[in-house]
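This briefing sets out selected features of the structure shown below, grouped by topic. It is intended for a reader who has the sequence and the coordinates to hand.

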Amino acid sequence: MGAHAHAADAGHAAGHHAHHHHQESFISKWVFSQDHKMIGKQFLVTAIIMAWVAVIMSLIFRLQLAWPEEGFAFSNFFLGDKWAPGGVLDSNMYLALVTIHGTIMVFFVLTGGLSGTFANLLIPLQVGARDMASGFINMLSYWFFFLSSVTMLSSLFVEGGPASAGWTIYPPLSALPKAMPGSGAGMNLWLISMTLFIASSLMGGLNYVVTILNLRTKGMKMTRLPLTIWAIFLTAVLGVLSFPVLLSAALLLLLDRTIGTSFYLSDIYIAGEALEQTGGSPILFQHLFWFLGHPEVYIVLLPALGITSEIISTNSRKPIFGYRAMIGSILAIGFLSFIVWGHHMFITGMNPFLGSVFVATTLLIAIPSAVKVFNYITTLWRGNIVLTPGMLFSIGLVATFIAGGLTGIILADSALDIAVHDTYFVVAHFHIVMGMSAIFGMFAGIYHWFPKMYGKMMNTKLGYAHFWITFICAFGVFFPMHFIGLAGAPRRYYSYTEFPMFDSVVDLNIVVTVFAIIGALAQVLFTYNFFYSVYRGPKAVQNPWKSNTLEWTTPVEHIHGNWPGPIPTVHRWPYDYSKPGKAEDWVSQITPLDHGEEEH
Amino acid sequence: MTKLLILTVVVLGILAVAQLARVYELTSKLRGKREEDITPADNRMNAMLMWLFPIAYFGFFLWLVLAYGDKMLPVAASTQGADTDWLLALNWWIIIPVFFITNILLFYFAGKYVYDKNRKAHWQPHDNKLELAWTIAPAIVLFVIIILGLTTWQRITSPASPEAMRMELYAKQFDWTARYPGTDGMLGATDFRLINGDNPLGIVTEKTIDKRMAELVQERADAVASLDQVLPDSKVAEIEHRIEYLDRMAARIVNLRLVMQQDIKAKGEASTYLHGADDVVTKDFYLPANRETDIVIRSRDIIHSAYIPHLRIQMNAVPGMTTSMKVVPTITTDSMRTIPEVVRQVEEINAIRLPQGKSEYVFDFLLLCNKICGASHYNMQMPLIVTSAGDFDAWLAEANKKPFEAMPDTASPAMTDTTNTSAGADSMAVAVADGQAPNP
């Protein structure tokens with residue numbers, strides 16, 4: 001009771017505050033905004049730009065893989081004569097491109113662009129708060145993200161090229177400038193960029209956790225929170241607990257690179273000389289990296305799953321099936337994600353018993369994942385389905401999650417991993433769950449919450465075209481990779497021309513690249529639709545999707561403090577769709593219970 | 001000129017799109033249609049696509065299986081490979097039906113329950129029995145997978161039998177070297193500080209230590225002599241740094257010699273420091289069929305990975321560590337070349353290669369690097385030849401005739417004689433480090 005009263009008072013006080021119209025300058029409204037809605041949009045636009053950089057990189061290396069000996073003006077245009085002489089990609093730059101592509105996509109697009117956008121936009125609106133717990137720290141979290149992005153992009157222009165040891169940057173390769181040109185200044189900039197990124201993530205994550213726990217409006221019990229918030233909440237907890245470990249890994253790497261420490265280095269002879277470091281272990285880095293790295297992929301995935309729960313439920317006009325089971329799955333996935341990291345390290349020479357533990361925990365994580373899939377499918381069953389572009393992407397997410405999740409079972413089995421580790425089989429798996437499921441969640445969220453972000457509507461027909469072309473092309477890109485990998489073809493290979501044994505499968509690389517090119521063009525449709533609609537889209541109504549959650553009770557035009565008057569009180573969970581005995585097929589969370597009505 | 005043309009096309013294209021967008025805006029306004037109102041026609045179209053898509057999806061999957069299924073790795077040529085392939089097949093038998101059933105339900109439901117404003121969705125927010133059922137069922141299946149997976153893993157990673165030959169694969173940017181234990185059957189100790197042109201793997205013997213010491217002494221003397229010239233300050237600092245480094249290296253090699261002597265004192269003939277001279281360092285990688293070999297893996301510079309896909313074995317090469325993997329190959333290279341599946345695959349590959357004027361492909365087992373290691377990671381390979389045990393022994397006998405050090409190491413008394421030239425060279429080095437002139 002006390003907590004609710006406090007929140008209502010805070011809301012009341014803030015409501016007063018909102019009425020004192022504080023003068024906003026251009027800088028405080030558009031640049032150093034402390035309003036969570038603006039910050040969310042800043043994350044989104046930055047992520048879209050970074051995504052395009054990563055997509056162009058992928059097109060360049062896909063051209064190389066499909067047609068290894070040919071030159072492309074496209075590559076020469078972006079990389080110049082130094083890195084693509086005659087349009088033929090340099091083999092060091094190939095590794096640089098796959099490294100930066102991975103780094104940008106995992107961190108900047110799928111963490112910054114997914115969490116950063118939707119946590120910021122939705123948390124205060126869906127829990128019923130005026131803004132995040134600390135608007136100032138929130139503002140800093142965006143600007144650190146921006147600085148991090150600029151630093152990462154600047155690393156593309158140093159003489160030795162950007163970091164090139166894979167997005168996983170294992171030492172000693174990433175520690176020794178003599179091992180590859182990208183391990184020079186480019187690697188230092190990568191580490192600086194990631195330090196800024198981690199700072200951004202931590203600031204955001206702390207805000208998210210505090211706001212969700214402390215600033216819920218009256219009546220918003222934890223069990224009345226939309227699943228999107230549950231998912232983002234766990235994501236933030238995961239981030240706060242795991243990103244600092246990456247920071248420590250990066251710091252130790254920086255020390256090994258600069259002042260001669262030997263955390264990761266021992267017994268190395270390179271470039272004609274024995275190095276003096278002894279006693280360190282490269283495996284230490286891998287443990288530290290993957291301690292973040294594994295939760296990181298759930299940080300990428302959980303918000304997408306949460307968004308999907310919301311959109312599938314709203315657009316099926318039906319409650320999400322198994323709300324509590326869904327919460328339980330999110331918690332189980334969150335917990336288990338901390339004890340599976342070793343499955344990335346089965347063949348490092350790590351103690352085999354330790355490997356067995358990770359096999360067990362990793363296979364266990366398939367259980368809550370499966371439960372989520374079954375619940376999504378059952379939500380659709382006997383629903384009344386409206387196929388908006390957001391809904392299409394959400395359904396697409398479930399399909400891709402099935403495919404990617406199932407191959408995870410093979411990779412989790414260490415005995416099988418021996419045969420497929422670091423082959424294209426792995427590349428297929430993680431792209432399907434991240435480059436399809438997670439990004440589909442992001443697209444779904446953008447289409448669904450665009451009216452809330454910008455007060456306008458995106459074009460539906462373009463949305464349909466975007467979805468179907470992307471869905472088809474993405475499968476076309478990633479499915480063949482399973483076969484290339486099962487044929488034994490390693491990843492991060494510049495070309496397969498030196499291996500006749502792969503000659504009969506490498507033409508699949510052409511299939512992959514053609515689908516990749518068409519898929520990339522489809523994203524032009526999306527980008528155009530997005531930016532055009534920001535400026536010239538038709539004006540949105542307050543609740544275009546007839547959704548129950550709180551964000552749709554705010555006015556279309558953004559105001560500081562979100563609600564013009566007091567923050568509404570919540571009386572029910574968010575999933576009263578097609579509830580028997582109700583005139584409409586939706587009931588907003590703020591609608592009080594009817595006389596005699598039971599809350600679910 | 002072409003650039004100008006492209007630019008014009010792009011600009012005109014953008015203008016065209018902008019105009020089309022304006023037209024669309026106006027017509028929408030006229031029709032009074034709102035973007036969020038999904039028309040029944042649009043719903044039905046997308047619902048139909050939801051039903052058509054799985055046909056294309058499964059069709060694509062089927063095509064890939066039919067067109068490429070027989071181009072996957074052929075029969076596994078090792079005992080653990082056979083184990084692995086069996087386990088993989090079991091996993092496919094579980095995964096593929098689940099894949100089809102869940103996808104069919106998903107797309108079927110997505111297309112069937114098209115929105116109808118006169119209908120209400122079925123209100124059923126949960127069913128606890130169902131949740132329990134579909135939690136327990138996967139748990140059971142996964143439990144079975146875990147048990148089978150871990151028993152296989154245990155078989156693969158258990159220590160090699162004491163009778164297995166231990167041989168070494170040594171990785172560096174960008175090639176592999178094999179090392180066999182020689183007539184004494186034991187791989188010699190190594191130290192990376194002894195690496196030079198004559199000793200690429202850093203094998204420790206009295207001679208290699210002497211040679212390396214002499215090199216360091218010579219290099220130091222040259223560096224000191226070069227200081228007599230007129231040089232810029234930065235160059236002087238560089239040379240002085242170098243001299244300090246060389247002194248530290250020399251001190252460590254002195255220490256290595258001490259360690260070696262202590263180890264020999266403690267273990268006698270069993271000390272690995274006595275077994276390096278007869279090792280065979282070679283670019284020929286041979287394994288005997290039907291006999292266990294324990295492959296020890298080391299790296300000179302960065303992480304590499306020894307991956308032999310046809311044997312289904314893989315293990316990282318980590319600098320500062322020795323990793324290992326054991327293997328029992330079951331099919332010789334010659335036999336593989338006659339297996340129908342392999343013959344067909346080789347023919348298919350040559351049908352592609354020969355018309356392109358490329359060299360003919362003959363089947364070979366191959367060792368590939370499978371951990372990103374730099375510019376030539378994509379071409380760090382070594383062929384592996386698996387022969388019958390008898391042929392292997394014959395090959396090994398021939399190979400043993402070219403040991404690492406042509407002369408076998410001299411008998412033990414020399415080790416404990418502290419007045420021998422090695423100790424003399426060491427004291428010379430130490431004296432030099434102390435700034436005294438070396439005694440001739």
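Asp364(B) has a relative accessibility of 24% and therefore counts as partly exposed. The surroundings of this residue are described first, in a model that is predicted.

**The salt bridge of Asp364(B)**

- The partner of Asp364(B) in a salt bridge is Arg337(B), and the closest N and O atoms of the two are 3.2 Å apart.
- Asp364(B) sits in the loop between α8 (340-353) and β9 (365-369) of chain B, while Arg337(B) sits in the loop between α7 (333-336) and α8 of chain B, so the pair ties together parts that are 27 residues apart in sequence.
- Arg337(B) is likewise partly exposed, since its relative accessibility is 34%.

**Salt bridges of Arg242(B)**

- Arg242(B) forms a salt bridge with Glu273(A), with an N to O distance of 2.5 Å.
- This pair crosses between chains: Arg242(B) belongs to helix α6 (residues 233-267) of chain B, and Glu273(A) belongs to strand β2 (residues 273-274) of chain A.
- Arg242(B) is partly exposed, at a relative accessible area of 26%.
- Glu273(A) is partly exposed as well, at a relative accessible area of 25%.
- Arg242(B) also forms a salt bridge with Glu219(B), where the closest N and O atoms are 2.9 Å apart.
- Glu219(B) is partly exposed, with 30% relative accessible area.

**Salt bridges overall**

- Over all chains, the count comes to 42 salt bridges.
- One network, joined by salt bridges that share partners, consists of Arg572(A), Asp576(A), Lys579(A), Lys582(A), Asp594(A) and Glu597(A).

**The two domains of chain B**

- Chain B is assigned domain 1 (162-184 + 279-407) and domain 2 (189-274 + 413-440).
- Between these domains of chain B, 12 residues of domain 1 are in contact with 11 residues of domain 2.
- Domain 1 and domain 2 of chain B bury about 940 Å² between them, and 61% of this area is on carbon and sulfur atoms.
- Of the area that domain 1 of chain B buries against domain 2 of chain B, 49% is supplied by Arg300(B), Phe404(B) and Glu405(B), more than by any other three residues.
- Four residue pairs are in polar contact between domain 1 and domain 2 of chain B, counting pairs with both residues at pLDDT 80 or more.
- On the side of domain 1 of chain B that touches domain 2 of chain B, the elements giving two or more residues are β1 (165-172) and β2 (175-180) of chain B.
- By class, that side of domain 1 of chain B has four nonpolar, one polar and seven charged residues.

**The setting of Arg193(B)**

- Arg193(B) lies in the loop between β2 and α5 (206-226) of chain B.
- Arg193(B) is buried, because its relative accessible area of 16% is under 20%.
- Leaving aside residues up to four places away in sequence, Arg193(B) touches Ala274(A) and Thr278(A) of chain A, together with Arg212(B), Met249(B), Arg252(B) and Ile253(B) of chain B.

**Backbone features**

- Most residues other than glycine have a negative phi, and most peptide bonds are trans.
- Pro171(A) and Pro172(A) are joined by a cis peptide bond, with omega about -5°.
- Pro172(A) is placed in the loop between α6 (135-154) and α7 (185-214) of chain A.
- A cis peptide bond also runs from Gln173(B) to Phe174(B), with omega near 0°.
- Phe174(B) is in the loop between β1 and β2 of chain B.
- Asn562(A), a residue other than glycine, has a positive phi near 65°.
- Asn562(A) is located in the segment after α17 (508-536) of chain A and is buried, at 2% relative accessibility.
- Arg312(B), also a residue other than glycine, has a positive phi near 55°.
- Arg312(B) occupies the loop between β6 (304-308) and β7 (313-317) of chain B and is buried, with a relative accessible area of 4%.

Definitions and conventions
Residues are numbered from 1 along each chain as its sequence is written. Chains are lettered from A and ligands numbered from 1 in the order in which they are written. This is a predicted model: local features need pLDDT of at least 70, side-chain atom pairs count only at pLDDT 80 or more; totals for chains, interfaces and linings use all residues. Side-chain values use heavy atoms; hydrogens and water are left out. Domain bounds come from an automatic or database domain assignment. Contact means heavy atoms within 4.5 Å. Buried area is the accessible area (1.4 Å probe) that two parts lose on being put together, summed over both. A polar contact is a pair of N or O atoms within 3.5 Å; within protein, one must be able to donate a hydrogen and the other to accept it, and residues adjacent in sequence count only if both atoms are side-chain atoms. Helices (H or I, at least four residues) and strands (E, at least two) are DSSP runs, numbered from the N terminus. Ala, Val, Leu, Ile, Met, Phe, Trp, Tyr, Cys and Pro count as nonpolar, Asp, Glu, Lys and Arg as charged, and the others, Gly among them, as polar. Buried means under 20% relative accessible area, exposed over 50%, partly exposed in between (1.4 Å probe, protein chains only). A salt bridge is a side-chain nitrogen of Lys or Arg within 4 Å of a carboxyl oxygen of Asp or Glu.
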